[in-house]
Amino acid sequence: MMRGFAEGVVRRRRWVIAAWLLASVALAPQAAQVERSLEVAARVRDSEAADVERELASRFQSPYARFAVLVASGIPSPDSPLGERVVREIISAVDSLDPVTGTFSYLDVRDTLFLGAADSGTFIIVGLNAAERLDGVVPALRVATERVGARLRAAHPRIALRWTGEVPINHDIRRTSADEARRAEQRVLPLTLVLLLLAFGAVVASLLPLAAGALAITITLGVAVVVNRWWPLSILLQNTVSMIGLGVGIDYALLTVSRFRESLAHGGNAESAAIESVRHAGSAIALSGLTVMIGFGALLLVPLNELQAVGIGGIVVVGTSALMAVTLLPGLLASLGPRVELGRIGRRRSSGSPIEHRWRAWGRWVVAHPVLVLVLAGTPVVLLAWEARRLYPELPRGNWLPPTMESARAVQDLADMRRDGVVNSLRVLLDLPQGATLLDSTGWMATRRLGAAIAADPRVGRVRSLTTVIPTERPNLMMYSLLPATARNALVTPDGRAAVIEVVPAQGAGFNELTQLSRDLRKLDIGTLTGAPGAELRVGGMPAFNADYIDTIRDRTAVVVLLVVALTLVALMVGFRSVLIPLKALALNLLSVAAAFGAVVLVFQDGYGGEWLGLDGPLHGVFPAVPILVFCIVFGLSMDYEVFLVARVAEARRRLGEADAIVEGLARTGGVITSAAAIMIVVFGAFMLGDFLFIKVLGFALVVAVLLDATLVRIAIGPALLRLAGRWNWWPGRPSKRQSG
């Protein structure tokens with residue numbers, strides 16, 4: 001079957017090349033729009049926090065359902081006449097913009113919350129039209145404040161006006177993410193070309209895998225933009241596709257080009273060599289690609305737009321890379337023939353080259369001392385994996401936004417004012433029981449009691465509700481009627497059936513404390529606490545979203561892990577027609593993943609060597625999405641090298657004994673595995689050098705996993721286990737021609 005496929009691809013190569021060219025031309029313009037098309041905000045499907053936001057926009061008609069925070073530092077205190085004039089001028093410049101639905105500041109309510117510590121500045125809450133794509137309005141907001149800031153600096157040279165909050169942060173993440181992806185690719189491509197030149201010794205042969213990886217990324221990003229029209233995808237897809245596409249695309253192309261050059265060196269013509277490259281490498285690439293796609297596909301079970309976007313991007317880029325390696329590349333190679341060696345650097349390596357001799361010598365040593373190899377290679381990996389038991393999947397402490405972002409600097413300005421809790425405010429929505437409203441005694445007292453109970457929590461700095469704006473024991477309709485409509489709509493529904501209590505965290509309260517606060521509020525016995533049986537409570541805001549996000553991942557992790565392991569086991573059993581080899585491969589994959597987690601714990605969570613990666617200190621936690629992402633990505637990528645090696649051993653076993661087949665497999669694939677791993681390490685390492693802490697942690701985990709997997713695990717522990725198992729490796733089947741690679 002594989003021979004027939006190979007012959008069809010090579011002999012119809014003009015049609016195959018034309019089809020890929022057509023797909024590239026159609027999707028490249030779409031790929032160019034990826035930065036402004038994909039979503040930045042993380043979303044949890046059917047989350048309580050998102051439900052509260054929708055209620056504020058529709059049911060309350062609140063002008064502050066979505067908002068940004070304008071931080072003004074270096075100005076006189078708004079409590080002074082001069083400071084008041086400055087704030088009015090700033091508000092006047094912002095209030096006239098179309099997306100702005102209202103502003104709220106010290107001028108509206110003389111609340112000391114708006115006064116920074118030691119007269120360090122103030123902030124303004126700016127409501128935004130929830131119907132618009134909000135991260136697109138940030139440039140207009142910044143242009144307005146830059147103009148007014150330029151005018152005010154004549155009298156106040158230290159003034160700084162910076163935007164923060166969910167919407168500006170999302171905008172900055174989109175821009176910074178795209179910039180970092182471009183910079184990482186610029187760092188990666190020259191280094192990758194150097195590694196390919198070292199592996200192949202010829203310019204044309206080296207450029208083919210590089211072009212394949214770049215083309216796979218372009219096609220995938222184009223597909224993502226098209227899919228985004230019906231299924232909103234996260235911007236996290238862009239960085240992930242760039243990382244995985246370069247790594248996997250080059251890996252698969254490397255294997256195809258290597259087999260083609262090997263067949264060509266043995267005297268075959270261009271067409272037969274291309275057919276042989278597909279026939280031998282095709283099954284390994286297909287099986288490897290399938291196992292990687294299983295890991296990415298499992299992410300679709302988690303109802304988070306970020307993880308689902310990574311899953312879709314991973315499936316498409318891996319599938320595209322694998323298909324390209326067994327269709328487009330063989331066609332190009334058949335057309336190029338011996339010209340694949342153009343631009344040769346140094347002499348052509350023969351099958352008996354010193355590098356192959358060294359791998360053959362290593363293979364003989366492994367099969368002669370398998371137990372010793374297991375002890376020497378297995379001990380450090382197991383010790384590192386043991387540290388994974390301390391992995392703490394919670395949000396890191398401190399401000400982990402890239403410091404180059406304006407929104408991140410604005411958060412620091414708020415921290416200097418001792419008002420950084422404003423960005424992490426909670427919104428508690430209280431639905432009153434049937435027949436009660438906020439403007440009768442039952443609803444009024446229920447809201448007051450709930451607000452007082454929340455305010456008593458040490459994690460809370462202050463609360464704000466209609467009962468604090470009108471600080472009376474009973475509802476006062478006269479004072480209520482004097483409130484501006486925007487203030488009323490922000491705190492109570494027009495029918496009075498529901499109220500909002502805004503909760504500003506205490507200074508210094510961390511992300512995890514506030515996340516737990518939102519969980520604790522949701523557990524309150526509202527009927528008993530408020531004296532209004534039948535009342536219901538929902539919690540929104542950033543900390544509540546974090547709780548929804550973390551809890552969703554925790555609820556789905558076990559299902560995802562079991563599904564990946566089970567489907568991978570089935571795929572390997574079918575591919576190798578063996579029981580022991582798939583079980584061994586799964587065990588080694590789990591070991592590689594655990595070792596990567598152990599390294600993350602030591603470096604990021606504990607802080608050992610973190611300064612080399614630009615960390616100020618230990619994070620004391622790892623982003624909740626990192627473990628499930630690393631597992632799904634590494635579990636598939638680790639299988640690449642296992643498939644490459646074992647498939648070659650199975651092929652050699654037909655003409656050699658068990659021990660000699662292992663030696664032959666290592667001799668033939670050791671160079672390919674180390675070259676492919678070196679390229680992946682360079683790719684992941686380039687993304688690890690950026691400012692995004694999440695991508696830095698993810699890149700580091702992938703670098704460690706690939707490094708360990710391609711050295712200690714696959715070329716030492718794996719072959720030693722193959723030697724110890726002997727002929728039982730292949731029970732109950734026998735290697736077939738389809739297993740060659």
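A crossing of two helices is right-handed if the near helix is turned clockwise from the far one by less than a right angle. In this predicted model, the crossing of α9 and α12 is right-handed.

**Helices α9 and α12**

Helix α9 covers residues 236-265 and helix α12 covers residues 328-336; their axes cross at roughly 35 degrees and come within 10 Å. On the α9 side, Ala-253, Thr-256, Val-257 and Phe-260 take part, and they meet Leu-329, Pro-330, Leu-333 and Ala-334 of α12. Sorted by class, this contact holds seven nonpolar residues, one polar residue and no charged ones.

**Nonpolar cores**

The largest nonpolar core contains 224 residues, and Phe-604 and Phe-684 have the most contacts inside it. Helix α24 (residues 625-653) gives the most to this core, with 21 residues.

**Two residues and their contacts**

The table lists contact partners, leaving out residues up to four places away in sequence.

| Residue | Contact partners |
|---|---|
| Phe-684 | Met-243, Ile-244, Leu-637, Gly-699, Leu-702, Val-703, Val-706 |
| Ser-518 | Leu-426, Val-539, Pro-543, Ala-544, Ala-547 |

Ser-518 belongs to helix α20, which spans residues 511-522. Ser-518 counts as buried because its relative accessibility is 0%, and buried means under 20%. Among the partners of Phe-684, Met-243 and Ile-244 have numbers that fall in the range of α9, residues 236-265. Leu-637, another partner of Phe-684, falls in the range of α24, residues 625-653.

Terms used. Residues are numbered from 1 along each chain as its sequence is written. This is a predicted model: local features need pLDDT of at least 70, side-chain atom pairs count only at pLDDT 80 or more; totals for chains, interfaces and linings use all residues. Side-chain values use heavy atoms; hydrogens and water are left out. Helices (H or I, at least four residues) and strands (E, at least two) are DSSP runs, numbered from the N terminus. Buried means under 20% relative accessible area, exposed over 50%, partly exposed in between (1.4 Å probe, protein chains only). Contact means heavy atoms within 4.5 Å. Axes are lines fitted to C-alpha atoms, for helices over the stretch in contact, and angles run from 0 to 180 degrees between N-to-C directions. Ala, Val, Leu, Ile, Met, Phe, Trp, Tyr, Cys and Pro count as nonpolar, Asp, Glu, Lys and Arg as charged, and the others, Gly among them, as polar. A nonpolar core is a set of buried Ala, Val, Leu, Ile, Met, Phe, Trp, Tyr and Cys residues joined through side-chain atoms within 4.5 Å.
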